[in-house]
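Please open the structure in a viewer and keep the sequence at hand.

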Amino acid sequence: MYFTTTRRKTRKDRIHIQFFAQTLKKDLSQGTVYKYSVQRFCEAANICRGTFYRNFKNLNDLFSQVLQFEINSCFNETVKSFV
């Protein structure tokens, strides 16, 4: 898996997950999660299926990593506002 929680995330990893998160949010805002597919995400992100599977195990992994990214982003913004 491309984005692991056991190793330190590089800047490149953060840029990729940020792109995937933005793509997923934009695509889902225009439709529904019901019957969402890898193919639909790949078309929205303009990537091939191989690229998807190099980065994620499946759709659940994509959703999980995007959700984790969004939570971390919100947490980091909150911490910065207290400093």
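A residue is called buried when its relative accessible area is under 20%, exposed when it is over 50%, and partly exposed in between, with a 1.4 Å probe and protein chains only. This is a predicted model, in which local features need pLDDT of at least 70 and side-chain atom pairs count only at pLDDT 80 or more, while totals for chains, interfaces and linings use all residues. Residues are numbered from 1 along each chain as its sequence is written, and side-chain values use heavy atoms, with hydrogens and water left out.

**The whole chain**

Begin by displaying the protein chain as a cartoon. It shows four helices and zero strands, in the order α-α-α-α from the N terminus on. These elements are DSSP runs numbered from the N terminus: helices are H or I with at least four residues, and strands are E with at least two. Of the 83 residues in the protein chain, 30% are buried.

Now select C42 and C48. Why is C42 in no disulfide? A disulfide is a pair of cysteine sulfur atoms within 2.5 Å, and the structure holds zero of them. The nearest cysteine sulfur to that of C42 belongs to C48 and is 7.2 Å away, which is too far for a bond. C42 is buried, with a relative accessible area of 2%, whereas C48 is partly exposed at 48%.

**The aromatic rings**

Select F20 and F41 next. Rings of Phe, Tyr and Trp (its six-membered ring) pair if their centres lie within 6.5 Å; planes under 30 degrees apart count as stacked, over 60 as edge-to-face and the rest as tilted. By this rule there are seven aromatic pairs. F20 and F41 make a tilted pair, at 5.9 Å centre to centre and 55° between the planes. F20 lies in helix α1 (residues 11-29) and F41 in helix α2 (residues 38-45), so the pair ties together parts that are 21 residues apart in sequence. Both F20 and F41 are buried.

F56 sits in the loop between α3 (49-55) and α4 (59-82), 36 residues from F20 in helix α1. F56 is buried, as is F20.

Finally, select F19, F20, F41, F52, Y53 and F56 together: ring pairs link these residues into a cluster.
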